Amino acid sequence: MMGSFSYVRAGSVKQAVAALAHDGARLHAGGTDLLGCLRDRVFDAGSVVSISGIEELGGIAALSGGSVRIGALATLAEIASHPLIRERYPVLAEAAASAASPQLRNQGTIGGNLCQRPRCWYFRGDFICTRKGGSLCYAFDGENRYHCIFGGDGCYIVHPSDAAPALVALDAQVSIAGPGGSRTIAVEDLHILPKQDIRRETSLEAGEIVTEIVVPPPRAGLRSTYRKVRERGSWDFALVSVAIAAVVAAGKVSAARVVLGGVAPKPWRSIAAEAALIGHAIDESAAMRAAAGAVEGAQPLAQNAYKVPLLRGALEEAVMSLARP
Amino acid sequence: MRKPYFLLKTPPTTPEPAEKLAPWAETTVVGKPLPRVDAYERVSGSAVYALDLFLPDMLYAAILRCPHAHAIVKKVDTAAATKMPGVRAVLTDSDTEARIPWYFTEKGPTSRLFDPHCRYEGEEIAAVAAETPHQAADALRAIVVEYEELPFVVDLDSALKPGAPLIHEGGNQVEGTLVYERGDIAKGFADAEAIVERTFRTSCEIHTPMEVHGSVAKWDGNRLTVWDTTQGVFQVQQSLADALRLPLSNVRVIGQYMGGGFGSKLEISKHTVIAAILARKTARPVKLFISREESFLCVGNRPANTMSLKAGVRKDGTLTAMHLINRGAVGAYPGWAGVGSQVADLYTCAHVRVEETCGHINAGQERAFRAPGFPQCSWALEQVMDELAAAIGLDPVEFRLTSIPVVSQRQGGKPYTSTGLRQCLVEGARAFGWDAARGGHRRNGPWLRGAGVAACQWGWPGGPPSTVIVRYFADGSVSLNMGASDIGTGTKTIMAMVVAEELGVALDRIQIEHADTGTTQYATPSGGSKTVPSDSPAVRAAAVAVKRKLLAMGAEQLEAAEDEVVLKAGEILVAGSPDKKVRLAELEGLMNQQVVIGVGHREQNPLDKVTKPFGAQFAEVEVNERTGEVRILRLLGAHDSGRVMNRLTYQNQVFGGMTMGIGFGMTERRVLDRQTGKMVNSNWHDYKIPTAMDVPADLTCVPIDVPDNEFNSTGTKGLGEPATIPTAAAIANAVYAATGIRVTDAPINPTQLASLLADQRKRG
């Protein structure tokens, strides 16, 4: 059962930022992650600051110049079904559609999705792990079937978002408002590794709020896809996932971003996989090379070695699905 | 504590019916696909479940549970909690009224209500009753407990090793290894032309019914009424009476609607007694429902099993020997994790040996879970049968057909009252298109397709005791009074159809009183797939008793002999005299009495025969060779459960059973952290039951509708449990057909199949 908290309904970003300055204040948008954390007593809230009524934070629209702006309060369901996203950025529409369950997609926002807390069952459970200020990562020697094979260091979570790898693959930018004003960074730079700060998953500072995401205009010849593997058909995070955005010109890949989900504490860009694709036609051998590149350096734990062949398989399929425009 | 009826050595009986009822020849209501009689109540929300109950002045209770896998409670400080706003009572082991023995073996209790020796995460430490649920929860957090943590063990292999932490004095092995033996397996294996030997493992599965467990308790003087989420009100009544030292007549338990149990609500849970004590202590009604998270820890599970099965066969398909060695973890308290009966009984085999060993671990106690032991056994047995068929070059259906017994080898060679196993396989295969599904190796990109089959039998037939009362009122409406619970399977509908069949009354003129120890008669809990075969004959006997009385009244009024009159369409007629008839509404005897009462009992089962339901299921799957993802394309269940009483409820059971089988085979597993002994996935997100996306739209139910008239007067056998027994094994066999990979450990999904496929590629 949740602890008690006071509830603040912010009318503007400025009000929200001010309200978040109080100790123990927690941001509330769709609430699908926050309420679960509160109920599971992962953390308590002194106050809950709702931004769900701030209109300027919603909506999906094309900007002049061909970019698309996605407000932080746009739901995953809106993103998955929006014609602009479906036409221009299939990887993002597919990723949003594959997240969670229909109910959660109707309620969950893209801002919350990027900022959600990890699903590691030790973090969520009754364990004082390193991410909660303890001295032990229980997953390291424990039940680590769903944990990371890249980037673990004192903590072995995977980043749970489906949308984040897609946005990194598309080289999207995220705008952030905070006590010190606004700033814009690449989504790629939003998430951090345990070795940077074991207590946080993002580079957001205290009181900062994600306000919008801007996806750059699709380049001519852009092909993109999201491939997710999970244990059950709905309401399940990725065992592994692959987001690819590749530009194909004259039959060859001229640019590519390959971003992996479910395998690292943040969306994991695979430069090796990208290199294996760039300059080549998309075919089975390029797919195999990219897959081999993607798993280089993987460091499985006792129970998650399956992620290595699984990642290869998912990546091969994802690449091959782009063979035709 | 009195022994529950199912532990009695001699089968219980109720009086034999005055007449042996002839089987129905043709039926007018029974067998029709009719919607449920309580469908409106269930769908509209007007059905009152225990959770829906709000009594005046009711308090809310909650339980503090041990967070450690193994610990001794040194001290419980409730001082702060007692003073908190709204708190009306706090209960701990230091209250003498709470010192109630719990968890029994034949030798006596092994624990008590708030035992300071906590043997698993989730054991009860204290309970609070408060004005609101939130005040109760806050009070729990204010209770300070001092624990001495003890070494623990959560896997059976470690638990049975010398030097393992002791969960009970005397060792972690449950007393006695069960050995069943017939023939000489050494001789049988020597005769074999092919032998398969493999070790299979299943995961511990949690029941997770939609409705969590809970009770509302209320005292009137020394009389206790409890509304409970239970599959058997009389079981709970007896346990409450024992625990609180009350006469049975002072304990009324009501459980008319319940939202799923699957065996976890077959027996009383501690929270029910705790609610009753808190209600007595506060002189207020108390509602105590456990949370979803608690329900993963402390109200049962299907134990994990490790089964080594060796089987031999001759080229003509004769099974020569089977040897099963099973080990299962029952949790921290008495239980059983045996699986062996299908190995000993499903197929003809002269030489069989089964050895079963159970042990304790620091985890919640097992409870009956939809066909306890049987899906695990099928997982091993039916996969070995698949391999044996391949070894001798026979089709898996053909192979099974060579070994169909007409007697129960496990029960002294007594013949079955009926066996539809052959029809299940043959008619199931035909409806499934088995030959076409097996023909050729089909590929769709990286997706490989395959089909598999598995057969089953189920162990419990049902039987007495059962006592039912039917009342026929002056206006021709009827009250059906029976003790059995309808646990969501359609029991009420089936029983009303039996009354309608015998008395010619419309279903909407029948009111049902049931599952209330204060107003209905003893029935065994609804479990074991035995409610219809146990209680529908008693319902029929009661309805027939009413009919006999009405006919006697009619004969008197019409001045005819009793054997000359018949009841038809609301009239009593004299055979051969079209003018001599009387409408029931004008029956003088009925008008005088205003009510006619019939009492029915369940007849004894035949002593010289054995009754079992049988089934066969078929699965077609696609496996992605790159990722190990499995798509179940379709499932078909062909079941012999005797007479089909209602095709709709029958189909519900088959589809629901197969859906649960998908969970057992593909997604579900309890995960206990080896470092702390705590369950890490005690919630509905991390403990993965199948979603609608995991169940194929293409589900088929093929009833083998052959009444078992030797067994009981309605010709019925059980269905709910058999429907889930072979599903996972059929899927595993289909996965093998698709990939050539024999998956021995459940569940099957990419977390193991991705590696198995990669290994296969490496081997070339």
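This is a predicted model: local features need pLDDT of at least 70, side-chain atom pairs count only at pLDDT 80 or more; totals for chains, interfaces and linings use all residues.
1. On the side of domain 1 of chain B that touches domain 2 of chain B, the residues split into 7 nonpolar, 10 polar and 3 charged.

2. How many salt bridges cross the interface of domain 1 and domain 2 of chain B? The count there is 1 salt bridge. As for salt-bridge geometry, the side chains of Arg252(B) and Asp516(B) pair up with N to O at 2.6 Å.

3. On area, domain 1 of chain B and domain 2 of chain B bury about 1,400 Å² between them, with 52% of it on carbon and sulfur atoms. Within domain 1 of chain B, the residues that lose the most area to domain 2 of chain B are Ile487(B), Thr517(B) and Pro525(B), and together they make up 36% of what that side buries.

4. For orientation, chain B is divided into domain 1 (5-30 + 462-601), domain 2 (55-150 + 208-298) and domain 3 (301-461 + 608-763). The C-alpha centres of domain 1 and domain 2 of chain B are 39 Å apart. Their contact draws 20 residues from domain 1 of chain B and 17 residues from domain 2 of chain B.

5. Now the contact between the chains. Chain A and chain B bury about 3,300 Å² between them, 53% of it on carbon and sulfur atoms. Of the area that chain A buries against chain B, Trp121(A), Glu231(A) and Arg232(A) supply 20%, more than any other three residues. In residues, 39 of chain A are in contact with 37 of chain B.

6. Chain A and chain B share 9 salt bridges, and 16 residue pairs are in polar contact between them (both at pLDDT 80 or more). One salt bridge to inspect is Arg626(B) with Glu316(A), where the closest N and O atoms are 2.9 Å apart.

7. Which elements of chain A give two or more residues to the side that touches chain B? They are α8 (121-124), α9 (138-141), β9 (222-229) and α13 (307-320) of chain A. The largest share, 7 residues, comes from α13(A). By class, that side of chain A has 16 nonpolar, 5 polar and 18 charged residues.

8. Have a look at His159(A), in the loop between α9 and α10 (163-169) of chain A. Buried or exposed? His159(A) counts as buried because its relative accessible area is 4%, under the 20% cut-off. Its side chain reaches the backbone nitrogen of Ser161(A) at 3.3 Å, and a polar contact of 3.2 Å joins the side chains of His159(A) and His191(A). Beyond four places in sequence, the contacts of His159(A) include Asn113(A), Leu114(A), Gly262(A) and Lys266(A).

9. Two cis peptide bonds in chain B deserve a check. One runs from Pro464(B) to Pro465(B), with omega near 5°, and Pro465(B) sits in the loop between β21 (447-457) and β22 (467-473) of chain B. Another runs from Ala746(B) to Pro747(B), with omega near 0°; Pro747(B) is in the loop between α18 (727-739) and α19 (750-763) of chain B.

10. Finally, positive phi. Arg41(A) has phi near 55° and lies in the loop between α2 (34-39) and β3 (47-50) of chain A. Gln594(B) has phi near 70°, in the loop between α16 (588-593) and β28 (595-601) of chain B. Arg41(A) is partly exposed at 25% relative accessibility, and Gln594(B) is partly exposed at 44%.

How values were computed: Residues are numbered from 1 along each chain as its sequence is written. Chains are lettered from A and ligands numbered from 1 in the order in which they are written. Side-chain values use heavy atoms; hydrogens and water are left out. Contact means heavy atoms within 4.5 Å. Buried area is the accessible area (1.4 Å probe) that two parts lose on being put together, summed over both. A salt bridge is a side-chain nitrogen of Lys or Arg within 4 Å of a carboxyl oxygen of Asp or Glu. A polar contact is a pair of N or O atoms within 3.5 Å; within protein, one must be able to donate a hydrogen and the other to accept it, and residues adjacent in sequence count only if both atoms are side-chain atoms. Helices (H or I, at least four residues) and strands (E, at least two) are DSSP runs, numbered from the N terminus. Ala, Val, Leu, Ile, Met, Phe, Trp, Tyr, Cys and Pro count as nonpolar, Asp, Glu, Lys and Arg as charged, and the others, Gly among them, as polar. Domain bounds come from an automatic or database domain assignment. Buried means under 20% relative accessible area, exposed over 50%, partly exposed in between (1.4 Å probe, protein chains only).
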